[in-house]
Every structure is written in C-alpha cells, then in structure tokens.
Amino acid sequence: DKTLNSYASITYANLILNITNGLPTKVTFSLNPIDSAGNAIPQIFDKSYLIAAGNIDTNGIVQPGKETIQTIMVTLSKDQLVTLRKAISIDYKVRMEGNDISNIHFIKSNIFDLKVGLFVKGDINTTLGTKTQK
C-alpha cells in the first residue's frame with residue numbers, strides 16, 4: 001500500500017501469478033480477495049484458470065522436477081486496483097479436474113505452489129535534492 005501511494009497516477013497494474021502444479025491432474029484455479037470482515041470482494045477476479053497437470057510417469061506419479069509451470073498475468077484497471085487495496089488477504093481455490101488417464105496416484109510429495117508479483121505502470125512524484133556535507 002505504501003508503494004502504491006507514491007504513485008500519483010496509476011495507469012494499470014499487472015498481477016503476475018507463477019504457478020507450479022505437481023499434482024497428477026489438471027486443476028481449475030481461482031482467486032478471491034478477502035476484506036477485513038472476512039468477506040469476498042466481488043468482481044475483481046471473475047475468471048478461473050485451467051492449470052495443466054504435472055507430467056506423470058508410467059506409475060501415474062509426478063516425480064520431482066516434472067511439475068508443470070504456468071504464468072498467468074491478470075491486468076487490473078485503476079478501479080479494480082482501488083477495490084483490491086481494500087483486501088487484507090487473497091484466498092485461492094484449486095479444484096481438481098478429471099483426467100483422461102486412469103492411472104494416477106497422489107503422494108505426499110505432490111505440490112501446488114503459487115508465487116505472486118505486482119507490476120504497476122504509472123507516474124511517480126518525487127523531489128530530487130542534494131545532500132549537504134558537513
């Protein structure tokens with residue numbers, strides 16, 4: 001929030017989602033920003049995304065290093081960004097989808113990982129000065 005306040009005029013923001021799916025099935029992924037009362041904030045992320053399954057071996061197991069990595073970029077308008085700033089957290093849901101392959105196995109080492117970044121385009125107002133030496 002402090003960083004966003006330094007922008008005088010935000011044109012747009014991109015939310016970058018780096019997703020690693022180590023599950024043996026494809027999944028549907030969705031986001032829900034949550035306000036301070038614990039309620040979902042509607043109409044920011046109204047879309048769900050299909051994430052491909054990890055690469056399974058002949059036993060139906062996703063071995064370490066064989067996860068699927070996908071990057072999703074969600075562009076937020078000025079209005080959506082103002083609404084998003086009211087959120088105190090973002091919940092995400094992962095729903096497993098059926099697979100055409102019948103031989104799949106879930107094991108403890110299966111992972112689903114999400115890393116989020118925010119890129120903002122806008123103007124910054126700042127004052128440049130000189131440091132006086134004593």
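**Notes on the predicted model: sheet, rings and core**

1. To start with burial: of the 134 residues in the protein chain, 30% are buried. Bear in mind that this is a predicted model.

2. On the overall layout, I read two helices and six strands in the protein chain. Going along the sequence, they come in the pattern α-β-β-β-β-α-β-β. Contacts reach well along the chain: take those between residues at least 6 apart in sequence, and 79% of them join residues at least 24 apart.

3. β3, β2 and β5 make an open, three-stranded sheet with antiparallel pairing, in the order β3-β2-β5. Its edges are β3 (49-51) and β5 (89-96), each of which pairs on one side only. From one strand to the next, the twist averages 35°. As a reminder, strands of a sheet pair through backbone hydrogen bonds, which can run parallel or antiparallel.

4. How many bridges hold β2 to each of its partners? With β3, strand β2 (residues 27-34) has three bridges, in the antiparallel sense. With β5, β2 has eight, also antiparallel. If you want spots to check on screen, V27 has I51 as its bridge partner in β3, while P33 is bridged to I90 in β5. β2 is also mostly covered, with six of its eight residues buried.

5. Next, the aromatics. Searching the whole structure turns up three aromatic pairs. One of them is Y92 with F112, a tilted pair with 6.2 Å from centre to centre and 35° between the planes. Y92 sits in strand β5 and F112 in strand β6, so this pair ties together parts that lie 20 residues apart in sequence. F29 belongs here as well: ring pairs link F29, Y92 and F112 into a cluster. Is Y92 buried or partly exposed? Its relative accessible area is 38%, so Y92 counts as partly exposed.

6. What about the largest nonpolar core? There are 21 residues in the set, and the ones touching the most other members are L17, I19, F29, F45 and V74. Two or more residues come from each of β1 (7-21), β2, β3, β4 (68-76), α2 (78-84) and β6. The top contributor is β1, which gives five residues. Note that F29 turns up both in this core and in the ring cluster.

7. Not counting residues up to four places away in sequence, L17 touches F29, L31, Q70, T71, I72, V74, L114, K115 and V116. Two of these, F29 and V74, are named with L17 among the core residues that touch the most other members.

8. Finally, V116, which can be found in strand β6 (residues 112-124). Which residues does V116 contact, leaving aside its neighbours within four places in sequence? They are L15, I16 and L17. For L15, the C-alpha to C-alpha distance to V116 is 7.0 Å, although the two are 101 residues apart in sequence.

Definitions and conventions
Residues numbered from 1 in each chain as written. Predicted model: local features only at pLDDT ≥ 70, side-chain atom pairs only at ≥ 80, totals over all residues. Heavy atoms only, no water. Helix = DSSP H or I, 4+ residues; strand = E, 2+ residues; numbered from the N terminus. Contact = heavy atoms within 4.5 Å. Pairing = 2+ DSSP bridges. Axes fitted to C-alpha atoms, helices over the stretch in contact; angles between N-to-C directions. Phe/Tyr/Trp six-rings, centres within 6.5 Å; stacked < 30°, edge-to-face > 60°. Buried < 20%, exposed > 50% of the residue type's maximum accessible area, 1.4 Å probe, protein only. Core = buried A, V, L, I, M, F, W, Y, C linked by side-chain atoms within 4.5 Å.
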